[in-house]
Amino acid sequence: RFPTPDARFPFPCSLFPVPLTLMPDNSTAISSAVQRLYDTYPFPPEPLLDNPPPGYNWRWNWLAAYNFCTGQKPARQDVRILDAGCGTGVGTEYLVHLNPQAQVTGIDLSAEALAVARERCRRSGANRVEFHHLSLYDAAQLPGEFELINSVGVLHHLPDPIRGIQSLAAKLAPGGLMHIFVYAELGRWEIQLMQKAIALLQGSQQGDYRDGVKVGRQIFAALPENNRLVKREKERWSLENHRDECFADMYVHPQEIDYNIETLFQLIDASGLEFVGFSNPQIWQIGRLLGKNPELIERTKGLSDRELYRLIEILDPDNITHYEFFLARPPLSKADWSGDETLLAAIPHRHPCMEGWPSLCLFNYDYQIVNLSADELEFLQRCDSNSSAESPKTVAEILVEMKLDLWTVRSLLKQQLILLSS
């Protein structure tokens with residue numbers, strides 16, 4: 001499913017399961033069925049605007065994403081970005097507007113969705129983009145390599161996701177990043193049941209997606225209000241699913257593979273890339289689940305990272321509906337600002353994703369409210385000036401001019417309110 005650009009409503013619409021055993025032999029038929037779905041219901045169905053889209057998703061901002069993965073500002077902003085499985089161009093449009101020096105490419109299997117994407121970007125002035133009618137499998141046909149590859153809500157709809165991720169990995173430049181979003185099986189249990197119910201009632205009409213939407217809506221209307229499937233739909237998905245495009249994407253999709261931590265890392269390992277980390281790391285903190293029992297927390301220290309992730313999804317299945325994560329092609333240089341001298345010599349920049357700037361109260365990169373002191377605001381304003389200054393000032397040079405201690409600078413860095421460069 002495709003994440004909304006506004007992190008306050010992080011993850012809308014979803015899709016339909018086909019057994020893994022169908023992957024190799026039925027690949028062409030499944031791909032054709034997926035293409036027909038998105039030609040019938042181009043997705044995502046967000047409206048077209050005559051100006052840049054509102055807000056941001058920091059994962060689509062090269063500076064923010066690179067900083068998250070490496071702890072530092074990238075040396076270049078004139079990068080090449082691939083939106084792999086761009087659909088109607090919602091994410092593509094953001095990638096263009098959030099990265100003013102980048103050249104963006106979008107590919108998708110659906111000609112109808114691509115037509116909407118082209119019109120979307122034309123209307124909003126996103127003119128540094130080109131689109132190609134291509135499957136992820138055929139990414140090798142694109143020239144050159146990409147510093148950032150975005151593939152959100154796509155791999156789990158391929159008959160062969162491993163082939164898909166390997167195709168994309170081959171186009172990732174050394175030191176480049178790939179952001180992936182795929183479904184998790186535990187948090188989508190009710191969706192899987194509804195998908196199967198619709199398929200049973202459709203019978204020979206499976207593949208008629210408009211009929212599938214009709215049948216699905218009739219089922220929800222007929223079931224008792226206290227039915228588990230109805231309650232899950234109302235509390236989690238109904239805000240988006242009033243649109244037929246979203247309902248079809250979630251409940252009548254002809255191909256969906258849902259993962260658990262073990263199968264997810266089989267996919268990641270097959271890519272040949274380095275796992276950098278989940279891009280929603282707060283979900284993967286065991287303390288939020290077991291923190292009130294120190295003995296249990298101590299026991300978790302003997303687990304590997306993957307075992308710990310598995311424990312978290314088992315204990316909190318309702319919240320693990322998807323996995324979003326970054327991969328990288330080595331070498332990926334990571335910064336270490338732990339030393340005071342190193343930090344003082346660094347050049348600070350204001351984080352590019354803030355809502356309400358400049359203000360003492362604003363939304364940060366993840367749309368969480370931040371309250372700043374007057375001194376913190378002044379420091380961030382000086383960092384902001386560094387972005388356009390011919391001779392940007394170091395942390396030490398800024399601290400000489402104002403009353404602020406190094407501990408506060410580290411706090412701003414930890415909150416990702418500033419980026420650092422050497």
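Trainee: Which residue stands opposite Leu327 in S7?

Mentor: Met178 stands opposite Leu327 in S7. Before going further, note that this is a predicted model, in which local features need pLDDT of at least 70 and side-chain atom pairs count only at pLDDT 80 or more, whereas totals for chains, interfaces and linings use all residues. Residues are numbered from 1 along each chain as its sequence is written, and side-chain values use heavy atoms, with hydrogens and water left out.

The two strands concerned are S5 (residues 172–183) and S7 (residues 322–328), which pair in the antiparallel sense over seven bridges; strands here are DSSP runs of E with at least two residues, helices are runs of H or I with at least four, and both are numbered from the N terminus, while pairing requires at least two DSSP bridges between the strands. Strands of a sheet pair through backbone hydrogen bonds, either parallel or antiparallel.

Widening the view, S5 and S7 belong to an open sheet of seven strands with mixed pairing, in the order S3-S2-S1-S4-S5-S7-S6. Its edges are S3 (129–133) and S6 (274–278), each of which pairs on one side only, and the twist from one strand to the next averages 20°. Helix H3 (residues 90–98) lies across S1 (80–84), S2 (103–108), S3 and S4 (146–152), and runs at about 170° to S1; such angles run from 0 to 180 degrees between N-to-C directions, with axes fitted as lines to C-alpha atoms, for helices over the stretch in contact.

Turning to a helix pair, the axes of H10 (residues 261–271) and H13 (residues 305–315) come within 9 Å and cross at roughly 140°. The two helices are therefore oblique to each other, a class left over once angles under 35 degrees are called roughly parallel, over 145 roughly antiparallel and 65 to 115 roughly perpendicular. Their contact (heavy atoms within 4.5 Å) is made by Ile261, Glu262, Phe265 and Asp269 of H10 with Arg306, Tyr309, Arg310 and Glu313 of H13.

Gln415 is found in the loop between helix H17 (406–414) and strand S11 (418–421), and its relative accessibility of 31% makes it partly exposed, the range between buried (under 20% relative accessible area) and exposed (over 50%), for a 1.4 Å probe and protein chains only. Leaving aside neighbours within four places in sequence, Gln415 is in contact with Tyr365 and Val370.
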